Amino acid sequence: MQQSNAYIITFSVILTVILGLLLSGTSQVLGPLQREAEALDKKKQILGAVISGDEISAMSPEEVNAFYTSHIAATVVDINGQQVTERDGAAVTAENVDIAKNYKMPAEDRLYPVFIYHAEGNPDAVESYILPLYGAGLWDAIWGYIALDTDMNTVGGITLAHAGETPGLGARITEAGVQQRYVGKEIFDESGALVAVEMQKGEGKDYSSDPHKVDGMSGATITGNGVNAMLKAYLGHYSAFIESKKSSQAVAAAF
Amino acid sequence: MSTETVEKAIEKKPAEALFSKRRKKLITDPLVDDNPITIQVLGICSALAVTTQMKPTLVMAISVIFVIVMSNLVISIMRNTIPTRVRIIVQLAVVATLVTLVSEVLRAFAYDMYKELSVFVGLIITNCIVMGRLEAFALGNKPYDSVLDGFGSALGYSWIILTVAFFRELWGSGSVFGIPVFEYISGIFGPDFKLATNGLMVSPVGAFIILGLIIWVQRTKTGYVEH
């Protein structure tokens, strides 16, 4: 049966409106739950830089929240390492800083959250500083968190995540085995210059003697390059903060 | 008087049983004889991609069942009003809406699964089985039959990807649903005994091999030959 154009157009409009309402309705209803799930996931990623993934996945959502509250203190700094508590009249908290949005701004204007991992309930007994990372992979954004030990040089751990890297290749940055390669590496060379940690091309070589190199991912060199660029850029942005922590420790050591 | 006879005539026409022989065939046919993956070789892409572990595979299977059944139902209800010239777009709109719903629900209630399945939930839209069933069946059949047909096809897809995932996870990671089976078995035979896992099974190549074996076994049994 051949329908008139008017019928086809009316049908399409009605269908579009109904489907549109259905989708926006679902989005409205599920929105709060999704934001909660995302906030929890962010906490898991932050914690993932300092404790193992198995431990985190064994925790219930409430336990993750409780552990986070009792072990993580947070602050926000600017490019000069100065603490920021307020911007444009609104209070700034580390959890609410959107790294992806900040990434679009010039590096000098960005807010840089620092998550401080400390002994349970004691914010002064700092164990490591967790810094967020953000950059570009092969297809889409990649991000993560790197934990620096209190010497501000040794990598305590890293979590990496991605929006759309190739499964089985670039997407492997989320695997514990790949992230484990960064543990114990150093970001400064002997002269004190920032060299970060570089993922190499190719896979299966042993870089345990080189503190600035980690084994690569076969078939995912561009994602690896993205991770390298991201690490170098963000450790650079945080360098003022890192230096200030280093010098305050030097002072403490001198006493 | 005359109206009465008409009514009687309608009453006399026996209703088809809820699960008549024909309807049972709608469900059972796609399981083996007309399986979407092993016979029609549709939906291979996701069958390779999500089957490294049982858990995401199960979520994927449930999502696909939901999408196929619901889209078959909706399209079948609308089949007499859908303008033929834009029917593909209408089907696509309905399927895309359903897939987005699944994706949103996963994002709210199973965020880890949502992350793990990532693009593959969205790619159900392009799963040939879904559109195939809409074009071939739902457009020309009543809602209930269409639901059964969709359910059958989805089950045919599901059991294959679950079987592939079972062997890939067992041989590739030594576990089933995350339970370390290989460790338990090794434990029985003492500390020196260790079952090795095969890295090949974790890569997509492993899925091809398992799928090939399943198709081989199945075609040997049914005697199916490609024409």
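Analyst: Start with a definition. A helix axis here is a line fitted to C-alpha atoms over the stretch in contact, and an angle between N-to-C directions runs from 0 to 180 degrees. The model is predicted.

Take chain B and two of its helices, H5 (residues 87–109) and H8 (residues 128–136). They pack at an angle of about 130°, and their axes lie 11 Å apart. Angles over 145 degrees count as roughly antiparallel, and 65 to 115 as roughly perpendicular; the rest, apart from those under 35, are oblique. H5(B) and H8(B) are therefore oblique to each other. The crossing of H5(B) past H8(B) is right-handed.

Now a second pair in chain B. Helix H4 (residues 54–78) packs against helix H9 (residues 143–173) at about 165°, with 8 Å between the axes. That angle makes H4(B) roughly antiparallel to H9(B). H4(B) also passes H9(B) in a right-handed crossing. The contact of H4(B) with H9(B) has 20 nonpolar residues, six polar and two charged.

Next, the open space. H4 and H5 of chain B, together with helix H1 (5–48) of chain A, each supply at least two residues to the lining of the second largest pocket. Which helix gives the largest share of that lining? H1(A) does, with six residues. The lining has 13 residues in total, and those nearest the centre are A:Leu15, A:Ile18, A:Leu19, B:Val74 and B:Met78. By class, twelve of the lining residues are nonpolar, one is polar and none is charged. The pocket holds about 240 Å³ of space.

A UniProt record, an unreviewed entry, places a "transmembrane region" at residues 6–25 of chain A. In the model, that stretch of chain A is 100% helix and 0% strand. Its end C-alpha atoms are 28 Å apart.

One cavity of 30 Å³ or more is counted. The largest cavity holds about 30 Å³. Its lining includes A:Ile99, A:Asn102, A:Arg110 and A:Tyr112. A:Pro113, A:Pro132, A:Tyr234 and A:Tyr238 are also among the lining residues. Helix H4 (99–103) and strand S4 (112–118) of chain A each supply at least two of the lining residues. Seven residues of this lining are nonpolar, one is polar and one is charged.

How values were computed: Residues are numbered from 1 along each chain as its sequence is written. Chains are lettered from A and ligands numbered from 1 in the order in which they are written. This is a predicted model: local features need pLDDT of at least 70, side-chain atom pairs count only at pLDDT 80 or more; totals for chains, interfaces and linings use all residues. Side-chain values use heavy atoms; hydrogens and water are left out. Helices (H or I, at least four residues) and strands (E, at least two) are DSSP runs, numbered from the N terminus. A crossing is left-handed if the near helix is turned anticlockwise from the far one by less than a right angle, and right-handed if clockwise. Ala, Val, Leu, Ile, Met, Phe, Trp, Tyr, Cys and Pro count as nonpolar, Asp, Glu, Lys and Arg as charged, and the others, Gly among them, as polar. On a 1 Å grid over the protein atoms alone, a cavity is a set of points where a 1.4 Å probe fits but cannot get out, and a pocket is an open set with protein on both sides within 12 Å along at least five of seven lines; lining residues have an atom within 4 Å of a point. Grid points are joined across faces, edges and corners, and a volume is the space filled by probe spheres set on the points. UniProt positions are given in the numbering used here, feature names are shortened, and annotations may be inferred rather than shown by experiment.
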